[in-house]
Each structure stands twice: as C-alpha cells, then as structure tokens.
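Please examine the structure shown below.

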Amino acid sequence: MGVISSLGDAPGNPVIDRNSCTACGACAAICPLEVLTQTATGIAIDNAAMFGCIACGQCMMVCPAHCISVTGRRLHPDDIVDLPMLESRADADQLAALLLARRSIRKFTGDDVPRLVIDQVLAVAATAPMGIPPWEVGVTVFHGRDKVAELARDTADSYRGFLKLFDNAAMKQLSRLFMKKSVWQQFQSFILPLGRILVKGKERGTDYVFYNAPAALMFHSSPYCDSADAIIACTYAMIAAESLGLGTCMIGCSAPVVGRRRDLLKKYGLPEGNSPKIILIMGYHASPHRKAIRRSFQSLNYY
Ligand SMILES: Cc1cc2nc3c(=O)[nH]c(=O)nc-3n(C[C@H](O)[C@H](O)[C@H](O)COP(=O)(O)O)c2cc1C
C-alpha cells in the first residue's frame with residue numbers, strides 16, 4: 001500500500017529492463033524511499049520499503065541506460081523530457097532582477113490576457129514541487145472580466161452571509177472565548193473590516209476583491225495534500241506571469257469564504273473534495289512602477 005492520494009493508495013510501479021541495466025546504482029542512490037537498492041546481484045525493487053514508490057521519477061531521470069520506467073500515481077515514462085540547455089536557463093542575476101521588479105498590481109489596462117499566455121503560465125506553474133507526488137492541486141481559470149467579476153460577486157455575497165453571523169457585539173464577546181488571542185485580534189482588526197469593505201464595494205459596483213482583473217487562476221487542492229502545494233504552485237505562476245510581461249496579485253480573501261460554499265465549488269467545476277486555497281489575478285499594468293522596494297524578513301538568524 002502506497003501513500004493515499006485522490007487516485008487511491010496504489011504505489012508507483014518501477015520496472016527495470018534487466019537486459020539494458022548495468023547495475024551502476026544511480027537509481028538506488030537517488031531513490032528517496034529505498035524502494036530501489038543496490039545488491040550484489042543487481043538493483044532490487046522493494047515496493048514495501050518505507051511508503052513504497054511515490055512516483056517522483058528521480059530514478060528515470062538519472063539512469064544513464066534509460067532502462068527504468070515508472071508508471072502509476074499519474075506518472076508515465078513519456079513525462080521524462082530533455083533537460084533545458086544550461087545557456088537557456090535564467091541565471092541568478094536575471095532571476096533576482098525579475099523578482100525585484102515584481103509588484104502586486106491592482107490597476108489593470110483594458111487589455112485581455114490571451115489564452116496562449118495563460119497556458120504558458122500554467123505550464124510553468126506545473127513544474128512546482130509538491131509535498132508528495134502526484135499533484136493534488138487543480139486550477140480553475142477565470143478567463144475574461146465577466147468571469148472574474150462573477151467570482152468577485154460570489155465572494156462578496158459569501159462575506160455578507162459570514163458578517164450576518166459574526167459581525168455583532170454578542171459574537172465579538174463569545175468568539176474571544178474560543179479563539180486564540182492573536183486569531184481574535186486579526187479577526188476584529190482585519191477579517192471583519194475586510195468583509196464590510198467587500199460587501200459595501202459590491203453594493204457600490206466597485207470590485208475590491210479582484211480589482212476588475214481580466215483573468216484569475218484559482219488554485220485548489222484535494223484533502224490529500226499539504227495546503228502549501230497550492231500556494232507554491234500559485235507562486236510559480238506569479239513568477240511565470242511576471243516573466244511574460246503580466247502584472248499579478250495573489251488574492252487570499254476569496255478562497256476561505258468561497259470554500260465554504262459547496263454550491264459555488266460545484267458551479268466552478270472543482271473536483272469533489274477540493275477546496276480553494278489562493279487566487280492569482282493577472283493582467284497588464286495600468287500604472288507601472290518607477291522604483292522597486294527592498295524588504296527584509298521579520299527575523300533572520302543562523303543557528
Ligand atoms: C497569501 C497572500 C494573500 C494575499 N491576499 C491579498 C488580497 O486578498 N487582496 C489584495 O489586494 N492583496 C493580497 N495580497 C497581496 C499583498 O497585499 C502584497 O503581496 C503585499 O502588499 C506586498 O506587496 P508586493 O507583492 O508588491 O511586494 C496577498 C498576498 C499574499 C502573498
């Protein structure tokens with residue numbers, strides 16, 4: 001039995017072509033789960049070791065004889081592709097410059113984001129790491145202002161229902177009893193005021209959720225993975241979009257309320273059991289920045 005995912009608990013299935021295998025041991029050296037080990041008689045496969053094969057593909061990528069194939073957990077040997085040439089990879093200076101120039105943007109030109117560009121962003125985002133393969137992250141694309149505006153309205157309406165429940169004096173007292181102090185403080189100083197702003201915005205016809213963006217990517221994930229997987233994929237998408245000349249902003253305020261609405265999850269086509277984690281809005285920058293900003297971490301220590 002392998003690690004459970006939305007596909008079930010079957011482990012990956014590594015197969016070695018014994019006629020081509022030279023027993024060099026590269027696959028055994030890199031296998032993180034000791035499913036592949038080097039023995040006196042060649043490479044042994046033990047799918048009962050640790051969690052069994054998780055289909056990370058590492059063995060296929062190091063085998064000099066191309067004689068190992070892994071299938072299962074959504075992996076196929078055809079997924080193994082050539083490494084990009086060294087000279088075509090971004091170097092440290094290019095990457096640092098791209099990231100220093102990036103800013104969250106909330107004012108978009110009237111231009112639409114072509115489908116081809118969205119597909120490029122998604123292809124890069126799919127290279128992100130995940131806690132344990134396979135990907136348990138899905139993406140719902142809101143392509144076009146009308147679609148994004150619909151999600152903005154649904155978000156504001158969901159906040160309206162939430163405020164009805166929580167935005168009163170009795171709940172303020174009561175919630176202090178069951179919430180941790182820091183959570184309660186954040187709730188009072190940010191979440192409730194945010195809800196009021198979004199609801200009022202909708203009444204006035206102003207989109208404070210997605211700022212009239214022409215495209216949005218909702219990253220959602222199954223219950224079988226770390227929520228960080230979706231956030232990391234979204235971060236990769238943000239960087240990819242930046243490299244394609246788009247401006248972006250991660251939007252965290254929609255997913256928690258939309259995620260409580262089964263009707264909306266169904267309407268937007270999320271797989272059963274998936275919950276939204278974060279949304280990335282994208283478009284072209286209406287007021288480009290003239291300067292960058294240097295930031296520093298809350299704390300930094302070498303231990
Ligand atoms: C997890 C996360 C959630 C965010 N949620 C929102 C949001 O709901 N609305 C918004 O306007 N900006 C949101 N932002 C954007 C931040 O406000 C922005 O990143 C921050 O102000 C720093 O600015 P910069 O991205 O230009 O460096 C979010 C950013 C992150 C990383």
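Q: Which residues line the second largest cavity?
A: The model is predicted, local features need pLDDT of at least 70, side-chain atom pairs count only at pLDDT 80 or more, and totals for chains, interfaces and linings use all residues. Residues are numbered from 1 along each chain as its sequence is written, and side-chain values use heavy atoms, with hydrogens and water left out. On a 1 Å grid over the protein atoms alone, a cavity is a set of points where a 1.4 Å probe fits but cannot get out, and lining residues have an atom within 4 Å of a point. The second largest cavity is lined by C21, T22, A23, C24, G25, A26, C27, I43, C63, P64, A65 and C67.

Q: How many charged residues does the lining of the second largest cavity have?
A: Asp, Glu, Lys and Arg count as charged; Ala, Val, Leu, Ile, Met, Phe, Trp, Tyr, Cys and Pro as nonpolar; and the others, Gly among them, as polar. This lining has 10 nonpolar and 2 polar residues, and the number of charged residues is: no charged.

Q: What is the volume of the largest cavity?
A: A volume is the space filled by probe spheres set on the grid points, which are joined across faces, edges and corners. The whole structure holds 2 cavities of 30 Å³ or more. For the largest cavity, the volume is about 110 Å³.

Q: How far does a polar side-chain atom of Y211 lie from an oxygen atom of the ligand?
A: A polar contact is a pair of N or O atoms within 3.5 Å. For R102, the distance from a polar side-chain atom to a ligand oxygen atom is 3.0 Å. For Y211, the distance is 2.5 Å.

Note on methods. A polar contact is a pair of N or O atoms within 3.5 Å; within protein, one must be able to donate a hydrogen and the other to accept it, and residues adjacent in sequence count only if both atoms are side-chain atoms. On a 1 Å grid over the protein atoms alone, a cavity is a set of points where a 1.4 Å probe fits but cannot get out, and a pocket is an open set with protein on both sides within 12 Å along at least five of seven lines; lining residues have an atom within 4 Å of a point.
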